[in-house]
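This report goes through one protein model, from its ring pairs and salt bridges to its strands and its pocket. Please have a look at the sequence and the 3D view before reading on.

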Amino acid sequence: MCELTFSAEKVGCKTAGGIKSFYLIDKVNRVDASVAYSVTAGALTITGTGADAYHFIPNQNSFGFTQPTTSENDSNSFFFTQTLEGVLHGYNAAKVALVEQMAKGRMEVLIEMVNGTLVMAGIEDVGLQISGGDGGATGQAIGDANGMTVTLSGQSTTLAPTLALLSDFTTAFTVAEPA
């Protein structure tokens, strides 16, 4: 049986990858609502209530999250670039407004992985910001994707922490579910 040992996964245990869903948070809204975060040994704790979050359930295999390390020996520094990237399928007025709001703000994202792990990205000062993408496109062939490509990224001095229970998040945030 695959059980945790010494806070790591047991050798030989496999897990599924991919993103099941994610929750988009406007950093300014969260701070104004007095919802706060603290991180201890990679684990996130949320205090306060009343901030807003927006739940997205992307099509399978259409979003990914990475946080590669950049290390500079010359300056004796390092950082992680947290990046959420994917396609919001379809094109409508609500998605146009959403991408425009994302482009103007600083975001935080709670990512629910397929294996149940919850990861919170963008919690440092600058959050995640749109760093690329496409405001709307269709492919050339009838079977090509139709939608908006979004890349949210930000530099961080720590890896994105994990959250133990989704209920801790939904207690602190008023979550708008997809229509």
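Is Phe56 buried or exposed? Phe56 is buried, with a relative accessible area of 17%. Here buried means under 20% relative accessible area, exposed means over 50%, and partly exposed covers what is in between (1.4 Å probe, protein chains only).

## About the model

This is a predicted model, in which local features need pLDDT of at least 70 and side-chain atom pairs count only at pLDDT 80 or more, while totals for chains, interfaces and linings use all residues. Residues are numbered from 1 along each chain as its sequence is written, and side-chain values use heavy atoms, with hydrogens and water left out.

Helices (H or I, at least four residues) and strands (E, at least two) are DSSP runs, numbered from the N terminus.

## Aromatic pairs

Rings of Phe, Tyr and Trp (its six-membered ring) pair if their centres lie within 6.5 Å; planes under 30 degrees apart count as stacked, over 60 as edge-to-face and the rest as tilted. The count by this rule is 5 aromatic pairs. In one of them, the ring centres of Phe22 and Phe56 are 5.2 Å apart and the planes are at 15°, so the pair is stacked. Phe22 lies in strand E1 and Phe56 in strand E4 (residues 51-56), so this pair ties together parts that are 34 residues apart in sequence. Phe22 counts as buried, at 4% relative accessibility.

Ring pairs also bring in Phe63, linking Phe22, Phe56 and Phe63 into a cluster. Another of the pairs is formed by Phe169 and Phe173: the ring centres are 4.4 Å apart and the planes at 20°, so this pair is stacked. Phe169 and Phe173 are both buried.

## Salt bridges

A salt bridge is a side-chain nitrogen of Lys or Arg within 4 Å of a carboxyl oxygen of Asp or Glu. The structure holds 3 of them. One joins the side chains of Glu112 and Lys20, at 3.7 Å from N to O. Glu112 lies in strand E8 (residues 107-113) and Lys20 in strand E1 (residues 19-26), so the bridge ties together parts that are 92 residues apart in sequence. Glu112 counts as buried at 13% relative accessibility, whereas Lys20 is partly exposed, with a relative accessible area of 47%.

Which residues are linked in a network of salt bridges? They are Lys27, Arg30 and Glu108. The side chains of Glu108 and Lys27 meet at 2.6 Å, N to O. Glu108 lies in strand E8 and Lys27 in helix H1 (residues 27-32), so the pair ties together parts that are 81 residues apart in sequence. Between Arg30 and Glu108, the closest N and O atoms are 2.8 Å apart. Arg30 also lies in helix H1, so its pairing with Glu108 in strand E8 ties together parts that are 78 residues apart in sequence. Glu108 is buried at 0% relative accessibility, Lys27 is buried at 8%, and Arg30 is buried too.

## Strand E1 and its partners

In strand E1, 6 of the 8 residues are buried, so the strand is largely enclosed by the rest of the structure. Two strands pair if DSSP finds at least two bridges between them. Strands E1 and E8 run antiparallel and are joined by 7 bridges. Ile25 has Glu108 in E8 as its bridge partner.

Strands E1 and E4 also run antiparallel, with 3 bridges between them. Here Tyr23 stands opposite His55 in E4.

## The largest pocket

Rolling a probe the size of a water molecule over the atoms shows where empty space is left. On a 1 Å grid over the protein atoms alone, a pocket is an open set of points where a 1.4 Å probe fits, with protein on both sides within 12 Å along at least five of seven lines; lining residues have an atom within 4 Å of a point.

The lining of the largest pocket has 19 residues, and His55, Phe56, Lys95, Leu98 and Pro178 lie nearest the centre of the pocket. The elements that give two or more residues to this lining are E4, strand E7 (77-89) and helix H2 (93-104). Helix H2 gives the most, with 4 residues.
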